[in-house]
Amino acid sequence: MGKQVAYLVFVYSKIKDKVDISGKSDHWFGALYSIANASIESLIRLDEIDLQKNSLLKIISSKTDAQNYDELERYIKKLSKIGNYYTIDWIDILKKILEVIQEKKGIEEKNKYENVKQVTAIIDTINKTVEWLEVFSSVSIKWPKLSKTVLSTLINERNINEKISELMQKYESGEYKEINSLFREVCSKVLEGIKETLNNVGIKFDKFDWESDLVRNKLVDKILNELEQRGWIIEDKDGAKILNIKKALKIKDIRDIFGLDKVDEESAPPNLVLIRSDGTTLYTTRDIAYALYKGESDKVEKVLNIIGKDQTLPQKQLKAALYLAGYKNVADKLFHVAYELVILPGAKLSARRGRYITFDEILEDAKEKALEEIRKRSTDISLEEFDLARDIAVGAVKYALISVAPERTITFDWNRIINFEQNSGPFLQYTYARATSILRKINFEIPEADIINYEVLNTNVEKELIFNLARFPEIVLEAGEKFRPDIIADYANKISILFNSFYQRFPVLRADTREKRDARLIMVDAFRTVLRNSLDLLGIKPLEKM
């Protein structure tokens with residue numbers, strides 16, 4: 001279990017009898033997660049300052065004037081007397097302390113005193129403390145009642161880091177039923193909210209696995225034992241167990257995993273910590289075991305790990321670990337399907353700092369913008385049109401996330417996302433509805449395909465559309481082989497542009513001959529079928545009317 005989840009569970013265990021979970025469960029725990037991080041990080045660093053204050057006074061009193069010492073002593077005493085809640089005073093006082101010791105640092109550097117490193121370390125601690133106090137101030141404004149409850153509960157806690165490490169050890173051991181239940185309660189409630197959101201956008205998972213089971217079922221031990229017996233694990237001075245990747249780079253297959261032709265100190269990837277000095281596992285260690293769990297069966301041909309591009313190195317280390325543990329057959333099945341970050345213009349996001357926007361909020365914004373577009377076309381908004389706005393919103397957001405190549409950052413631009421005219425989910429849905437409206441006028445009574453004279457479809461745009469419709473199978477194959485759904489999105493956009501070009505230039509039902517009418521109806525039906533199949537593959541609902 002990751003340390004950030006342990007932060008959340010630790011705080012929840014302290015306040016669960018004092019609060020009620022309100023609203024959507026994942027949103028409530030998301031708020032608690034941000035508050036927990038801000039509180040714990042602030043308290044840990046305030047404890048550090050408290051421990052360092054005597055050393056700080058001693059450093060300042062040496063080789064400097066009494067005024068500096070008296071000023072610093074006054075601020076530190078004032079800091080110690082502030083009540084049990086974070087206030088702006090704490091931040092102001094820390095900044096005053098910072099001014100005094102920064103002046104001292106300048107004197108130390110000028111005279112080359114030995115204390116400069118210690119002063120620099122204290123300055124760094126104070127800067128981080130101020131940063132987290134400001135974060136807490138921000139989350140307190142956002143979630144005042146919950147923040148106050150958390151802080152009033154934690155303020156007298158000491159040795160929080162040690163308590164959280166102990167909590168993680170007990171959970172991983174599986175021997176403490178109350179702690180097991182607590183972790184699973186939190187995770188289940190969060191997952192309940194996530195499932196609700198996923199269900200709203202038509203996404204379902206067949207199965208969820210408990211990561212901790214990999215430890216308790218000894219699958220992690222199995223991997224570690226194999227690596228240890230083969231001589232690939234070393235220990236550091238604190239007892240942490242480390243995978244010796246640098247040694248393993250002598251093996252060509254391992255170099256290939258990291259994309260290295262030769263080994264040198266500069267390009268060599270770092271070793272991988274598998275077990276912390278306190279005996280708990282890291283997420284990459286559990287991922288190695290999970291990869292084995294997923295890929296060991298002969299029935300499994302490929303295992304796709306869909307995870308951010310920032311995890312490229314850990315995914316390579318994971319694959320190398322499997323190879324070194326003797327599971328080359330599983331390692332060869334693993335594929336990292338990487339994706340880049342999503343950027344919201346003007347927003348600097350960090351879940352730990354309470355700066356995030358939920359997917360539900362994005363969907364709600366998309367629905368409002370879709371309604372605005374519908375209102376431009378109809379003044380009377382019915383219940384059916386509210387449902388239509390929801391389907392457009394879901395299609396818009398899905399297409400925005402899927403249509404960008406995975407190596408490119410996604411910039412969430414509403415002007416592009418809700419655009420009925422080009423390269424968007426609504427554009428594809430609108431085009432599908434346009435093709436459907438043509439066929440609806442003839443009650444979907446499509447002419448028999450084998451009696452059509454296709455030679456009348458001889459304009460350039462008709463030829464290009466037919467040619468691209470015929471490419472659909474190879475497009476799907478390419479997207480599947482490359483794990484690139486954006487290829488299908490790009491294809492759907494391309495054929496939609498071609499169809500709209502055809503629609504605007506050539507009549508279908510009013511074609512100048514019956515032969516052309518019937519041939520064009522067959523082409524419209526073929527286009528509609530291919531676009532519907534493309535949308536189905538993208539998870540976007542084809543709309544009959546818009």
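Start with the whole picture. The model is predicted, and 31 salt bridges are counted in it. Why do such pairs form? Side chains of opposite charge can pair when their charged atoms come close.

**Stop one: Lys163 and Glu157.** Select both residues. They form a salt bridge, and the closest N and O atoms lie 2.5 Å apart. Is Glu157 buried or exposed? Glu157 is buried, because its relative accessibility is 11% and buried means under 20%. Lys163 counts as partly exposed, at 32% relative accessibility.

**Stop two: Lys516 and Asp512.** Select this pair next. What is the distance between the closest N and O atoms of Lys516 and Asp512? The distance is 3.6 Å, and the two residues form a salt bridge. Check the surface again. Asp512 has 61% relative accessibility, so Asp512 counts as exposed, the cut-off being over 50%. Lys516 is partly exposed, with a relative accessible area of 23%.

**Stop three: Arg517 and Asp518.** Select Arg517 and Asp518. Their side chains meet in a salt bridge, at 3.1 Å from N to O. Asp518 is buried, with 14% relative accessibility.

Key. Residues numbered from 1 in each chain as written. Predicted model: local features only at pLDDT ≥ 70, side-chain atom pairs only at ≥ 80, totals over all residues. Heavy atoms only, no water. Salt bridge = Lys/Arg side-chain N within 4 Å of Asp/Glu carboxyl O. Buried < 20%, exposed > 50% of the residue type's maximum accessible area, 1.4 Å probe, protein only.
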